[in-house]
Amino acid sequence: MRKIFALMLALFLLGSIAGCGQSSDEQKAEPDVHTLADKLMSGLTFEDSVSEVSADVALKYYGIDSAEIVDCDVHISTGATAEEVAVFEAQTAIDAQNILSAMKTRQDTQIKTYFSYNSNEVSRLDDAVVEAHDRFVLYVVSDDSAKAEEIIKGYLE
């Protein structure tokens, strides 16, 4: 009788421990624009001062409708360089494609501007990270696009 009781107690404890654990998918926090932007800002080196701008300023800056986004975190240089970090979370996959198009337009405009203003920045712009991951859209202009890609993939995938 004692052995049965001890066995039942052991099974109960084992079941309790297993029930309290969460799978790695449940433990993984949902990605957000601010954490990703912070990781990019701290993981990359910038030549110029790159400062955060408000969501309202960012939306006007890129020509994006506020109805298309859940949130954004944008950091822009003083203008002496083309360095930027922009992370947007779109409402839908279609909105993400619209935001991605706006980012590509921004890149093209910047290339034209810096070509005559500071041609050294054109190589940074040519090598910029401009991509969408599900509903996250990124535009990162820095000296180390490979490092930016590594940070992005490490966080979003």
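Ring pairs, as I count them: rings of Phe, Tyr and Trp (its six-membered ring) pair if their centres lie within 6.5 Å, with planes under 30 degrees apart called stacked, over 60 edge-to-face and the rest tilted.

Before going on, I note that this is a predicted model, where local features need pLDDT of at least 70, side-chain atom pairs count only at pLDDT 80 or more, and totals for chains, interfaces and linings use all residues. Residues are numbered from 1 along each chain as its sequence is written, and side-chain values use heavy atoms, with hydrogens and water left out.

Aromatics. I found three aromatic pairs. Tyr62 and Phe88 are edge-to-face, because their ring centres are 5.7 Å apart and their planes stand at 90 degrees. That pair links distant parts of the chain, 26 residues apart: Tyr62 sits in helix α4 (residues 55-62) and Phe88 in strand β3 (residues 84-90). Helices (H or I, at least four residues) and strands (E, at least two) are DSSP runs, numbered from the N terminus.

Burial. I checked Tyr62 and Phe88, and both are buried (under 20% relative accessible area, 1.4 Å probe, protein chains only).

Core. My cores are sets of buried Ala, Val, Leu, Ile, Met, Phe, Trp, Tyr and Cys residues joined through side-chain atoms within 4.5 Å. The largest has 24 residues, and Tyr62, Val74 and Phe88 are among those touching the most other members. Helix α5 (93-117) is one of the elements giving two or more residues, and its six are the largest share. I also logged another core of 18 residues lying apart from it, Phe46 and Ile152 among them.

Terms used. Buried means under 20% relative accessible area, exposed over 50%, partly exposed in between (1.4 Å probe, protein chains only).
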